[in-house]
Amino acid sequence: MMTYQTSSRQLVRALHALMPTAIIAILHERPWHSLTFCGAQICLSIMLPENAEQQLPLIARLLEDHEFSLPGQLVADIAITETAILDGKYRLIVDALLLDD
């Protein structure tokens with residue numbers, strides 16, 4: 001069984017591969033359980049350059065459609081839940097649900 005921290009790091013690495021210029025930080029993560037599944041809820045901050053405004057719809061579609069390959073994990077849900085401009089950069093808040101495979 002993987003630790004939740006390992007799961008979130010794997011997701012961050014996968015997101016860096018999709019968005020190499022992004023600065024990605026884990027804001028928080030917590031265990032998640034249902035009757036049939038276990039996993040983790042993860043909240044990430046993704047900082048993008050100021051010129052990323054035109055890319056935001058593409059990034060949203062990319063996250064929605066991308067098949068992540070994380071050993072031992074399934075990305076059940078991932079979405080941009082908030083956007084803001086801070087210090088001239090776009091900040092995306094991304095929430096993800098990872099399930100143990």
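**Exercise 1.** How many disulfides does a search of the whole structure find?

*Solution.* The structure is a predicted model, and the search across the whole of it finds zero disulfides. Cysteine 43, at 6% relative accessibility, counts as buried.

**Exercise 2.** Determine whether serine 8 is buried or exposed, and list its contacts beyond the neighbours within four places in sequence.

*Solution.* Begin with the location: serine 8 belongs to helix H1, which covers residues 4-18. Its relative accessibility is 0%, so serine 8 counts as buried. With the neighbours within four places in sequence set aside, serine 8 is in contact with Ile26, Glu29, Ile42 and Leu98.

**Exercise 3.** Identify which residues of the largest nonpolar core touch the most other members, and which elements give two or more residues to this core.

*Solution.* The core has 25 residues, of which Leu11, Leu15, Ile46, Leu48, Phe68 and Ile78 touch the most other members. Two or more residues come from each of H1, strand S2 (38-48), helix H2 (56-65), strand S3 (73-86) and strand S4 (89-100). For leucine 11, the contacts beyond four places in sequence include Leu44, Phe68, Ile78 and Leu98.

**Exercise 4.** Describe the lining of the largest pocket by residue class and by element.

*Solution.* The pocket, with a volume of about 160 Å³, has among its lining residues Leu18, Met19, Leu48, Pro49 and Leu62. The lining divides into eight nonpolar residues, three polar and no charged. By element, H2 gives the most, with three residues.

How values were computed: Residues are numbered from 1 along each chain as its sequence is written. This is a predicted model: local features need pLDDT of at least 70, side-chain atom pairs count only at pLDDT 80 or more; totals for chains, interfaces and linings use all residues. Side-chain values use heavy atoms; hydrogens and water are left out. Helices (H or I, at least four residues) and strands (E, at least two) are DSSP runs, numbered from the N terminus. Buried means under 20% relative accessible area, exposed over 50%, partly exposed in between (1.4 Å probe, protein chains only). Contact means heavy atoms within 4.5 Å. A nonpolar core is a set of buried Ala, Val, Leu, Ile, Met, Phe, Trp, Tyr and Cys residues joined through side-chain atoms within 4.5 Å. A disulfide is a pair of cysteine sulfur atoms within 2.5 Å. On a 1 Å grid over the protein atoms alone, a cavity is a set of points where a 1.4 Å probe fits but cannot get out, and a pocket is an open set with protein on both sides within 12 Å along at least five of seven lines; lining residues have an atom within 4 Å of a point. Grid points are joined across faces, edges and corners, and a volume is the space filled by probe spheres set on the points. Ala, Val, Leu, Ile, Met, Phe, Trp, Tyr, Cys and Pro count as nonpolar, Asp, Glu, Lys and Arg as charged, and the others, Gly among them, as polar.
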